[in-house]
Amino acid sequence: MSDFAISSRRQFLMTTAAAGAVTILPYAAFAAAHGGDTFETPAGPITIAPVSHASFVAQTPVGVIYVDPVGGADQYADFDAPDLVLITHEHGDHYNQETLDAIVGEGTQIIANPAVFAMLPEAMKAQASAVENGAAALFKELSIDAIPAYNITEERKSFHPQGRDNGYVLNFEGFRMYVSGDTEDTPEMRALQNIDLAFVCMNLPFTMDANAAASAVAAFKPTYVYPYHYRGRDNGTQDPAQFAKMVGTEVEVKLGGWYAEG
């Protein structure tokens with residue numbers, strides 16, 4: 001994993017609502033704007049558009065990046081085609097081949113964990129890279145580190161076994177972005193350094209609860225964090241507003257439109 005020293009960390013601006021510990025933009029507002037938050041970084045602007053649950057689109061200085069795109073082509077009709085697709089693991093709310101078939105173009109690069117890479121059609125493998133835990137990939141000038149994503153609670157280990165799934169750190173110039181994928185508050189997450197923007201999952205029984213997610217965020221202290229992937233099964237849905245209260249004021253929590261109202 002990269003140990004980039006980011007001397008310009010936190011020397012960037014976020015352009016949306018007024019400053020504060022928590023920024024809330026309703027789903028309808030995100031949908032109307034096809035996005036929400038733009039981060040002005042040393043590399044250039046990075047705009048984050050939540051799509052649904054664990055899927056989002058990032059417009060960046062190196063191209064348009066889709067993260068765990070699922071839900072069919074219509075979900076992405078208002079976005080530019082992806083230059084890069086990141087896939088964390090094989091579960092249906094993170095990897096859907098029909099969606100990939102619809103959105104991946106001739107020039108699209110795919111980075112996935114080895115298990116998903118093995119599932120791709122042979123033709124699509126030609127434009128994909130398998131990146132295992134602890135390894136790194138390069139997209140143009142962007143270095144991407146694969147962070148282990150797994151369950152540590154005994155009864156949850158079958159959902160995301162250690163060594164299979166990825167989170168990612170995207171190392172833009174002067175700006176590091178972490179995508180957790182599906183994981184609990186692992187030592188690898190807690191040890192992250194110099195993260196400017198994080199996406200942290202929280203739902204039960206598959207990942208972790210809001211308390212564990214907030215505790216991890218307090219440990220690695222990103223500048224901004226989106227709680228995402230927070231609807232669960234059997235009353236496992238977590239409250240992002242409660243998560244924001246637990247995080248406190250040292251980290252700014254961004255509450256995006258991950259789920260349609262109602």
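**A hairpin, and then its surroundings**

Tutor: The bridge partner of Glu40 in E4 is Pro45. This is a predicted model, in which local features need pLDDT of at least 70 and side-chain atom pairs count only at pLDDT 80 or more, while totals for chains, interfaces and linings use all residues. Residues are numbered from 1 along each chain as its sequence is written, and side-chain values use heavy atoms, with hydrogens and water left out.

The strands and helices named here are DSSP runs, numbered from the N terminus: helices (H or I) have at least four residues and strands (E) at least two. Strand E3 covers residues 37-41 and strand E4 covers residues 44-52. Five bridges hold E3 and E4 together in the antiparallel sense; two strands count as paired if DSSP finds at least two bridges between them. Two residues separate E3 and E4, which form a hairpin. Four of the five residues of E3 are buried, where buried means under 20% relative accessible area, exposed over 50%, and partly exposed in between (1.4 Å probe, protein chains only).

Next comes Val57, a residue of strand E5 (residues 55-60). Val57 has a relative accessible area of 1%, so it counts as buried. Leaving aside residues up to four places away in sequence, Val57 touches Thr47, Ile48, Ala49 and Val51, as well as Val64, Ile65, Tyr66, Tyr76 and Phe79; contact means heavy atoms within 4.5 Å. Pro69 is 12 residues from Val57 along the chain, and the C-alpha atoms of the two are separated by 8.4 Å.

Another covered strand is E15 (residues 224-228), with five of its five residues buried. On one side lie Tyr224, Tyr226 and Tyr228, on the other Val225 and Pro227, and both faces are covered. E15 runs parallel to strand E14 (residues 197-201), to which five bridges join it, and Cys201 stands opposite Tyr228. E15 also pairs with strand E16 (residues 252-255), in the parallel sense over two bridges; there, Val225 has Val253 as its bridge partner. A helix belongs to each of two right-handed β-α-β units: E14, helix H6 (residues 210-220) and E15 make one, and E15, helix H7 (residues 240-247) and E16 make another. Right-handed means that, with the strands pointing away from the viewer, the path from the first strand over the helix to the second runs clockwise.

The structure holds eight salt bridges, a salt bridge being a side-chain nitrogen of Lys or Arg within 4 Å of a carboxyl oxygen of Asp or Glu. One of them joins Glu90 to Arg164 at 3.9 Å, N to O. Glu90 lies in the loop between strand E7 (84-87) and helix H2 (97-103), and Arg164 in the loop between strand E11 (142-149) and strand E12 (165-172), so this pair ties together parts that are 74 residues apart in sequence. Glu90 is partly exposed, at 25% relative accessibility. Arg164 also forms a salt bridge with Asp165, the closest N and O atoms being 2.5 Å apart. Asp165 is buried, with a relative accessible area of 0%. Through shared partners, Glu90, Arg164 and Asp165 form one network of salt bridges.
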